[in-house]
Amino acid sequence: MFDLTHFIRTLAIWAIPVLFAITVHEVAHGWVAWKRGDPTAMLMGRLTLNPIKHIDPFGTILLPGILLLFHSPFLFGYAKPVPVNFAGLKKPKSDMVWVAIAGPAANLLMAIFWTMVLWLGGHLPGALAYVAEPMQLMGEAGIIINVILIIFNLIPIPPLDGGRVAVGLLPASASIALSRVEPYGFIILIVLLFTGILWSVLGPLFLWIYHFFLAVGGGS
């Protein structure tokens with residue numbers, strides 16, 4: 001049975017962490033690409049923290065909404081990728097690595113930020129309990145979504161960030177071979193996800209990192 005109260009409460013907790021996690025991730029890609037010689041994202045107005053500029057109808061709205069309706073313990077989503085012209089970079093092969101790693105690096109910084117929010121919420125005076133609890137819940141949500149994005153995006157399968165990092169670092173022959181996987185990358189990921197292989201491999205790593213940040217922030 002659909003619980004409207006639970007839906008609204010969960011949406012209120014997760015909306016800001018999810019929107020900023022995926023928005024800052026994409027802006028980081030575009031900003032580093034701009035600094036390395038490709039102004040495409042900047043010229044298209046994508047170097048902005050305005051979430052509207054980065055919304056993907058399925059990844060930003062529909063997917064998180066479905067997870068909410070089915071009472072998923074956490075939300076996941078993604079934004080519209082910022083356009084990067086790798087040929088326009090100063091050193092396309094090596095600069096590709098910096099552009100790719102910028103997204104997960106931004107998520108790491110946000111995970112640290114939400115850990116600080118969690119800690120602060122746990123150290124507010126009792127008179128501010130009405131503020132402390134939402135801060136703690138939002139802090140935990142921020143840690144979860146950013147750790148998920150870090151781990152997921154570092155999977156070495158193109159077109160994920162980890163795949164682009166691998167393509168940029170591998171020798172020419174191996175790099176070309178891996179880059180040919182890109183058209184099938186998301187199909188491979190979907191198969192790994194629905195067969196449970198993805199979680200069995202990455203789940204322990206996610207839990208370890210999540211509990212580390214939770215412990216630092218003083219969460220439960």
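Is Ser 175 buried or exposed? Ser 175 has a relative accessible area of 7% and is therefore buried. The terms used here are buried for under 20% relative accessible area, exposed for over 50%, and partly exposed for values in between, with a 1.4 Å probe and protein chains only.

1. Basis of the note. This is a predicted model, in which local features need pLDDT of at least 70 and side-chain atom pairs count only at pLDDT 80 or more, while totals for chains, interfaces and linings use all residues. Residues are numbered from 1 along each chain as its sequence is written, and side-chain values use heavy atoms, with hydrogens and water left out.

2. Surroundings of Ser 175. Ser 175 is placed in helix H7 (residues 172–179). Helices are DSSP runs (H or I, at least four residues), numbered from the N terminus. Residues up to four places away in sequence aside, Ser 175 touches Lys 93, Val 167 and Leu 170; contact means heavy atoms within 4.5 Å.

3. Gly 168. This residue is in helix H6. Gly 168 has a relative accessible area of 10%, so it is buried. Its contacts, leaving aside neighbours within four places in sequence, are Lys 93, Met 96 and Val 97. Gly 168 and Ala 100 are 68 residues apart along the chain, with 9.4 Å between their C-alpha atoms.

4. Helices H4 and H5. Helix H4 (residues 92–122) packs with helix H5 (residues 129–153) at an angle of about 160 degrees, and their axes are 8 Å apart. H4 is therefore roughly antiparallel to H5. H4 passes H5 in a left-handed crossing. Residues making the contact include Pro 104, Asn 107, Met 110 and Trp 114 of H4, and Ala 132, Met 135, Gly 139 and Ile 143 of H5.

5. Terms for helix packing. Axes are lines fitted to C-alpha atoms, for helices over the stretch in contact, and angles run from 0 to 180 degrees between N-to-C directions. Angles under 35 degrees count as roughly parallel, over 145 as roughly antiparallel, 65 to 115 as roughly perpendicular, and the rest as oblique. A crossing is left-handed if the near helix is turned anticlockwise from the far one by less than a right angle, and right-handed if clockwise.

6. Helices H4 and H9. How do the axes of H4 and H9 cross? They come within 8 Å and cross at roughly 40 degrees. H4 is therefore oblique to H9. The crossing of H4 and H9 is right-handed. Leu 108, Ala 111, Ile 112, Thr 115, Leu 118 and Trp 119 in H4 meet Phe 213, Leu 214, Val 216 and Gly 217 in H9.

7. Aromatic pairs. Rings of Phe, Tyr and Trp (its six-membered ring) pair if their centres lie within 6.5 Å; planes under 30 degrees apart count as stacked, over 60 as edge-to-face and the rest as tilted. The count by this rule is five aromatic pairs. In one of them, the ring centres of Phe 113 and Trp 114 are 5.1 Å apart and the planes are at 70 degrees, so the pair is edge-to-face. Phe 113 is partly exposed, at 45% relative accessibility, whereas Trp 114 is buried, with a relative accessible area of 7%.

8. Rings in H9. Phe 206 and Tyr 210 form a stacked pair, 5.8 Å centre to centre with 5 degrees between the planes. Both lie in helix H9 (residues 197–217), four residues apart, about one turn of the helix. Phe 206 and Tyr 210 are both buried. Ring pairs link Trp 199, Phe 206 and Tyr 210 into a cluster.

9. A charge over a ring. Lys 35 lies over the face of Trp 34, at 4.6 Å from the ring centre. The rule asks for NZ of Lys or CZ of Arg within 6 Å of the ring centre and within 35 degrees of the ring normal.

10. Loops. Leu 128, in the loop between H4 and H5, is partly exposed, with a relative accessible area of 31%. Pro 159 is in the loop between H5 and helix H6 (161–169), and the peptide bond from Pro 158 to Pro 159 is cis, with omega near 10 degrees. Tyr 184 is in the loop between H7 and helix H8 (185–194) and counts as exposed, at 52% relative accessibility. The C-alpha atoms of Tyr 184 and Ile 157, 27 residues apart along the chain, are separated by 9.3 Å.

Notes: Helices (H or I, at least four residues) and strands (E, at least two) are DSSP runs, numbered from the N terminus.
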